[in-house]
Amino acid sequence: MVTTANCINVIRCQYRPSMMTQDTHTNRRFPAPEFIRQCEPKTYSRTGWCPAIPNSNECTGDGLVPSRGFLAGVRESREACSGSPTFPHGSDITLPHSSASYQRQAKRSVMVQNGQITLYSSPYSPFSHRIQVALNQAKADYTDYVVDLSAKPAWFAEKVNPVGKIPAITYGGPKSAPENPPPESAKINESLVILEFLADLFPEAHLLPADPVLRAQARLFINIFETKIFEPFRTFFFTPDGSGNALLEGLEALQARLPSDGFAFGEQWTNADSAVAPFLVRIDLMLKNDIGKFPQSEGSRVLEIYQGPKFARLTKYIEDIRGSPLFKDTWDEKANLELFKNHPYTQRK
């Protein structure tokens with residue numbers, strides 16, 4: 001028997017470079033449509049196949065490794081490799097047998113999701129909001145279960161997150177009621193950890209840039225928010241002792257990382273945007289509506305600086321965030337405004 005860990009699907013063919021094409025997402029080669037009919041599809045263990053990549057040190061001989069994008073539309077192969085813990089060595093998989101059927105497969109989304117995803121969230125939590133945006137970007141099939149934060153059910157800490165905080169997700173196993181997640185499912189909490197997990201789970205969604213340097217810069221962008229903005233945000237709006245200067249300094253540091261236009265890394269929305277956007281729109285909303293425990297005179301002073309030329313690039317970034325379909329589908333500004341206006345944590349004494 002071959003375990004999931006070393007399961008690989010391949011197509012046994014004569015290696016003909018002239019009949020190969022390139023997968024733009026993974027840069028791996030796979031059979032061109034007109035070649036598929038000549039191939040004998042099989043499933044092999046890692047020791048029983050040979051990649052069609054020159055100078056590979058894994059094995060020698062013939063054989064072609066279909067790309068992730070090529071196999072994404074093939075239901076049988078996903079079930080063979082990921083739907084069960086083991087499968088018989090050499091069991092067949094089904095691949096399209098004509099150029100037309102391959103082209104239809106290729107047009108499908110290349111996202112591969114094996115097992116259910118349930119998000120445990122709150123509609124007003126910016127931490128949950130991070131995950132909702134990322135899941136939508138990945139076009140994930142998921143259930144969003146709203147946890148009543150004022151009366152958390154006992155099963156939540158027992159079965160989902162022992163810390164009792166949201167957001168949290170369960171991943172894997174069959175779909176089930178949120179209060180009874182599959183026992184075999186992974187339980188993951190902490191919003192930034194979940195963002196990283198989703199980037200690994202859905203690589204074709206480009207939740208993080210492909211280039212390692214840009215990935216590091218995306219994480220540094222998030223780190224600026226975590227180390228320079230989050231605590232000033234919390235103290236300025238939700239305690240009477242917050243410093244407007246500290247908040248402005250943090251926002252200025254984040255702005256310095258932005259390109260001249262677009263999102264954190266240009267036209268492509270990434271986890272860098274998902275991590276900071278839910279907080280930035282709330283900062284913008286609360287400042288402009290004089291909501292928070294800060295002294296009223298301090299709020300007016302900070303708002304004047306924030307709306308001035310010094311923060312023109314940041315405010316344009318927030319405007320672009322609000323206009324993004326990914327964000328708009330997850331943001332109810334009117335409901336959040338009403339919440340913050342009436343929430344005891346934002347009321348001045």
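A residue counts as buried when its relative accessible area is under 20%, as exposed when that area is over 50%, and as partly exposed in between (1.4 Å probe, protein chains only). The views below show a predicted model, in which local features need pLDDT of at least 70 and side-chain atom pairs count only at pLDDT 80 or more, while totals for chains, interfaces and linings use all residues. Residues are numbered from 1 along each chain as its sequence is written, and side-chain values use heavy atoms, leaving out hydrogens and water.

**View 1**
Let's start with the chain of 349 residues, 48% of them buried. A contact means heavy atoms within 4.5 Å. Of the contacts between residues at least 6 apart in sequence, 71% join residues at least 24 apart. How confident is the predictor, on a pLDDT scale from 0 to 100 for each residue? The mean pLDDT of the chain is 76, with 68% of residues at 70 or more. Look with care at residues 1-110, where pLDDT stays under 50. The model has 181 contacts beyond four places in sequence for that stretch.

Side chains of opposite charge can pair when their charged atoms come close. Here a salt bridge means a side-chain nitrogen of Lys or Arg within 4 Å of a carboxyl oxygen of Asp or Glu, and the structure holds 11 of them. In this view, the side chains of glutamate 252 and lysine 310 form one, at 3.5 Å from N to O. Glutamate 252 belongs to helix 8 (residues 244-255) and lysine 310 to the loop between helix 10 (296-306) and helix 11 (312-323), so the pair ties together parts 58 residues apart in sequence. Glutamate 252 has a relative accessible area of 36%, so it is partly exposed. Lysine 310, at 48%, is partly exposed too.

Glutamate 333 is in helix 13 (residues 333-342) and arginine 322 is in helix 11, so to speak two distant parts of the chain that the pair links, 11 residues apart. With a relative accessibility of 28%, glutamate 333 is partly exposed, and arginine 322 is partly exposed at 23%. Salt bridges with shared partners join Asp284, Lys288, Arg322 and Glu333 into one network.

**View 1. Nonpolar residues gather in a core.**
A nonpolar core is a set of buried Ala, Val, Leu, Ile, Met, Phe, Trp, Tyr and Cys residues joined through side-chain atoms within 4.5 Å. The largest one has 62 residues, and those with the most contacts inside it are Phe237, Leu251, Leu280, Ile283, Leu314 and Tyr317. Helix 9 (residues 271-288) gives the largest share of this core, 11 residues. Beyond its neighbours within four places in sequence, tyrosine 317 touches several residues, including Phe221, Leu258, Phe263, Val276 and Leu280. A second, separate core of 7 residues includes Tyr120, Val160, Ile166 and Ala168.

**View 2. Alanine 168 and asparagine 161 are in contact.**
Find alanine 168 in strand 9; at 1% relative accessibility, this alanine counts as buried. Leaving aside neighbours within four places in sequence, its contacts include Thr118, Tyr120, Phe156, Asn161 and Ile194. The C-alpha atoms of alanine 168 and serine 191 are separated by 7.5 Å, although the two residues are 23 apart along the chain. Where is asparagine 161? This residue is in the loop between helix 5 (154-159) and strand 9 (168-171), and is buried with a relative accessible area of 2%. Apart from neighbours within four places in sequence, asparagine 161 is in contact with Phe156, Ala168 and Asn189.

How values were computed: Helices (H or I, at least four residues) and strands (E, at least two) are DSSP runs, numbered from the N terminus.
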